[in-house]
Amino acid sequence: MNKIKDTATERYFMETGQDKAIRLKYHSGGQWLESKTDTYMDCFNPSTGEVIAQAPQCTSEEVEQIIETAVEAYEEWSITPVNKRVQVLFRMKNLIDQHLEELTYLAAKEMGKAWQEAMGDVLKVNEVVEFAAGAPHLMKGESLMQVSKGYDTVQYHHPIGVFAGIAPWNFPAMIPHGWMAPICIATGNCMILKAASFVPQSSLRLMELWQEAGLPDGVLNVFTAGRKQAEILLTHPDIKGVSFVGSTKVGKHIYSTAAAHGKRVQALTEAKNHALVLRDCKIERTARGIINAFCGCAGQRCMALPTIVVENAIADELVDCLKQFAVEHQKFLGPAYEKTSHMGPVVNQGHMDFVLDWIETGVNEGAELVLDGRNPEVPAGCEKGYFIGPTIFDHVTEDMSVGREEIFGPVLCVKRVENFEEGLTSMNNSRFANGSVIYTQNGYYAREFAHRTDGGMVGINVGIPVPVGIFGFTGHKQSFFGDLHTMGRDGFIFFTETKNVTQTWFSESELSTGKVDTWDGTITSLPEDDK
């Protein structure tokens, strides 16, 4: 992989001279700027534990300046014809295709996703870019002539202003530059994008590609900062809306604070997705699907499958199968950026400790540790990496927190039930409702499940039921705070406001009477005698 560039161009970083860690810059108004901050956060290669970059925690003054830059850019961008705006997206799509391997390597190196997972992270950007390029059609309003005698109404969808995107660390490409930026830009808005300080390099490199695609200065701006500076985005009067992905605790705070300041908010938060496994499932194929769903991205995705609810009649056989396949899967644990690795590390030491603490909690709560992924064997050179192997708990009960709370690691909890109804009740007891899955060959139970599950994204024999970008990402309960979801039709509505224009033109007879009814002609059923 040494033939692929580790980093983006030298415009956005500088050598510190200390262990050759790269001090990153931030992007505002078309310029790559060095922050005046004294605080930098180390960014690691999780496969080796080495520091590869340092992200600036931009100052409050710098964040204010970035907002001002976006506000200035909005004036011209918002009146740029939509067909011209989407030309930028067409060029961006081609640039991502051209740089796919480089972007894949960068995401794998800084976040720890295995090669195919990292490539999917990048390709999901293009999925939404392609959808957002349909803005000329998707922004069309509605009209009706003769809504009342001599009156016509036309409905328009307008851009709103400057939005803030606050991205998580687990998808350094897809979420900031897929879920957040493309629709915002296509609809004529500008965006202030706060990249995750753990993994900012993918976002910065994609910002370079947006520039190369011809995006005007100030329309998209990317920076890293601490929580204090991020708070500015929630209260600043020039920020019209906030798109957030992260923890439920922070999501609640962002939703309540930003909404109280009159902003639109979409806050996508935690999950504890469950799968109901019925006795008629295809056990081997089901087990392989579950392995992929809870081990993929080392479990660090809100659509992972950390809990399965299994009918007792097949539970022993399924658990044996899961253990066998998980042991096989662990043999391909290795550096994320090597194509032979099927499973990479977790993102950093702090998160590894968090997941390991949860494994210890599961043991202390009395769950049966079928497979222990702690201290796995890793390839040479990865001894200091942040690796956790597949971990399986069986006989997890409703009172165990390990089966209720988000762990965000390669840990699977197996709950046992007697039948469909007991299983569905167990799943719907969760305070989260992002994804839910059923494995069955029975069409009746599949349909009942789809109708009655609380989960917003449902998989029938699909372990990771993430919708493609033309549909919304529809989490429910405490997995989402807001009214309009990201992507899909909701995405276009979130980033636009609706304006209805009703008009009439006076005839000579109307002008001669000088009469105007109370509703100015907009009530169509008013009796003639009362007009």
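Predicted model: local features only at pLDDT ≥ 70, side-chain atom pairs only at ≥ 80, totals over all residues.

Residues are numbered from 1 along each chain as its sequence is written, and side-chain values use heavy atoms, with hydrogens and water left out.

**Helix pairs**

- Helix α2 (residues 82-98) packs with helix α4 (residues 115-132) at about 160°, their axes being 9 Å apart; helices are DSSP runs of H or I with at least four residues, numbered from the N terminus, and axes are lines fitted to C-alpha atoms over the stretch in contact, with angles from 0 to 180 degrees between N-to-C directions.
- α2 and α4 are therefore roughly antiparallel (angles over 145 degrees).
- Contact (heavy atoms within 4.5 Å) between them involves V86, L89, M92, K93, I96 and D97 of α2, and V122, V125, N126, V129, E130 and A132 of α4.
- Helix α10 (residues 283-295) and helix α11 (residues 312-330) cross at roughly 55°, and their axes come within 9 Å.

**Second largest pocket**

- The volume of the second largest pocket is about 720 Å³, a volume being the space filled by probe spheres set on grid points joined across faces, edges and corners.
- A pocket is an open set of points on a 1 Å grid over the protein atoms alone, where a 1.4 Å probe fits, with protein on both sides within 12 Å along at least five of seven lines; lining residues have an atom within 4 Å of a point.
- Its lining has 21 residues, with Y151, E510, K515, D517 and G521 nearest the centre.
- Helix α16 (residues 508-513) gives the most to this lining, with four residues.

Terms used
Helix = DSSP H or I, 4+ residues; strand = E, 2+ residues; numbered from the N terminus. Parallel < 35°, antiparallel > 145°, perpendicular 65-115°, else oblique.
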